[in-house]
Amino acid sequence: MTHGVFRHWPNRITAIRFAGAIVLFSIFASWGAPNHEAVVRATSTKIAFWLFVVTALTDYLDGYLARRDNLVSAFGRIADPFVDKVLVLGSMIFLAVMPWSQEWFPAWIIVVVLAREFLVTGIRSYVESKGGSFAADLFGKIKMVVQCLAIGFALGRISFNWEALGIQLVWLSWCTHILVWATLVTSIGSGLSYVFKARAYFAGDE
Amino acid sequence: MPILERLKLAIVSCGFLGCAPVMPGTFGTLGGVLFAYLMRGAEPFWAWCLGLALVIYLITRTMGEWAEQYAGKKDPGIFVQDEVVGYLVTVAWIGEPTILSLACAFFVFRLFDIWKPFPCRILEKVGKGDASCARPGDGILLDDVMAGIYGFAVMALLRTYLLEPSSWVVQ
């Protein structure tokens with residue numbers, strides 16, 4: 001692999017993150033339809049939690065290294081957001097169908113988040129086809145952070161013995177509820193901000 | 001290849017690990033993992049790690065020019081003793097060197113080695129000028145030593161909160 005898209009570390013990191021997401025989903029899939037007792041503080045739960053944390057935290061790293069070392073590539077520009085969306089939306093879909101986590105992740109919220117992604121992708125490809133630039137803005141980045149926190153809290157809550165540290169599980173439950181609702185709000189908000197930004201392109205186009 | 005050249009190559013590439021066609025740095029770090037694993041019974045572990053790191057540093061800093069000439073470029077991939085030294089710094093204070101803690105340190109060190117946070121990229125340039133007493137080998141090694149110090153800090157935190165069984169909140 002001394003040639004091609006995996007010659008440098010940014011794209012390798014993207015590929016490793018994708019593999020991490022696949023392993024995470026395999027763990028979820030291997031659980032089947034577990035209830036709370038089946039997954040709480042299980043070894044596979046802890047592995048899933050740390051895998052998600054590392055995969056989510058390295059989101060920033062590949063893009064940062066690519067820009068710093070002038071290694072920005074077409075592959076990275078397509079693959080990096082692709083991996084982010086697979087990781088976050090895939091995790092949220094699994095959390096929406098597993099009985100232990102359904103309480104925090106109502107399916108309709110996932111549908112709204114998915115719809116927002118499709119809309120923004122559509123607007124982005126149109127704006128860029130017209131020669132405009134359509135980089136992710138601060139609102140979109142906040143949305144990503146909130147989504148990752150929501151998933152992290154849901155997995156972290158069942159991974160460790162928080163009560164031994166003096167942290168009530170009910171607090172973590174409320175934090176997860178709030179973060180999932182914040183996911184909904186930031187998804188709609190950042191989606192609308194993209195729509196307003198792209199209005200200039202629609203106005204002149206009959 | 002003359003026997004002396006072959007021996008030098010074996011040393012800088014940590015037993016030819018650095019000659020791996022893909023990701024030599026990652027394979028080279030595995031040499032560090034092997035050293036750390038072999039020293040797992042040594043007391044005190046931190047002194048053995050830092051001592052071995054120092055010995056490897058002093059031996060290989062003199063071979064930087066040779067490796068750059070041999071590979072025909074700066075900071076050549078075959079020179080992986082910098083990764084070994086950096087890894088040994090990372091694992092110096094992990095407490096009990098278990099498979100889990102050594103594997104964890106492997107990923108932590110590779111992260112900082114690839115990331116090269118400040119001041120790694122300044123240290124890379126050490127020894128490039130004529131006026132200093134530093135050699136090109138120092139430039140190759142020092143940025144990884146710095147990455148190792150970052151790794152050391154992260155592993156110290158992980159040891160305190162995660163890897164040390166007595167403080168492990170998981171039951």
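The buried residues of α3(A) are A:Thr45, A:Ala48, A:Phe49, A:Phe52, A:Thr55 and A:Ala56. Buried means 20 or more other C-beta atoms within 10 Å of a residue's own, with C-beta atoms placed from the backbone. These residues sit on the same side of α3(A), because they cover an arc of only 140° around the axis; the arc is that of the directions from the helix axis to the C-beta atoms. An α-helix has 3.6 residues a turn, so residues three or four places apart point the same way. Their cover includes α1 (9-31), α2 (36-39), α4 (59-68), α5 (74-97) and α7 (138-159) of chain A. Helices here are DSSP runs (H or I, at least four residues), numbered from the N terminus.

This is a predicted model: local features need pLDDT of at least 70, side-chain atom pairs count only at pLDDT 80 or more, and totals for chains, interfaces and linings use all residues. Residues are numbered from 1 along each chain as its sequence is written, and chains are lettered from A and ligands numbered from 1 in the order in which they are written.

Now chain B. The largest nonpolar core has 40 residues. Such a core is a set of buried Ala, Val, Leu, Ile, Met, Phe, Trp, Tyr and Cys residues joined through C-beta atoms within 7 Å. α8(B) gives the most to this core, eight residues. Apart from it lies another core of 26 residues, among them A:Leu24 and A:Ala56.

Chain B has eight helices and zero strands. Of its 171 residues, 40% count as buried.

Methods: A residue is buried if 20 or more other C-beta atoms lie within 10 Å of its own, exposed if 12 or fewer, and partly exposed in between; C-beta atoms are placed from the backbone. Helices (H or I, at least four residues) and strands (E, at least two) are DSSP runs, numbered from the N terminus. Two residues are in contact if their C-beta atoms, placed from the backbone, lie within 7 Å.
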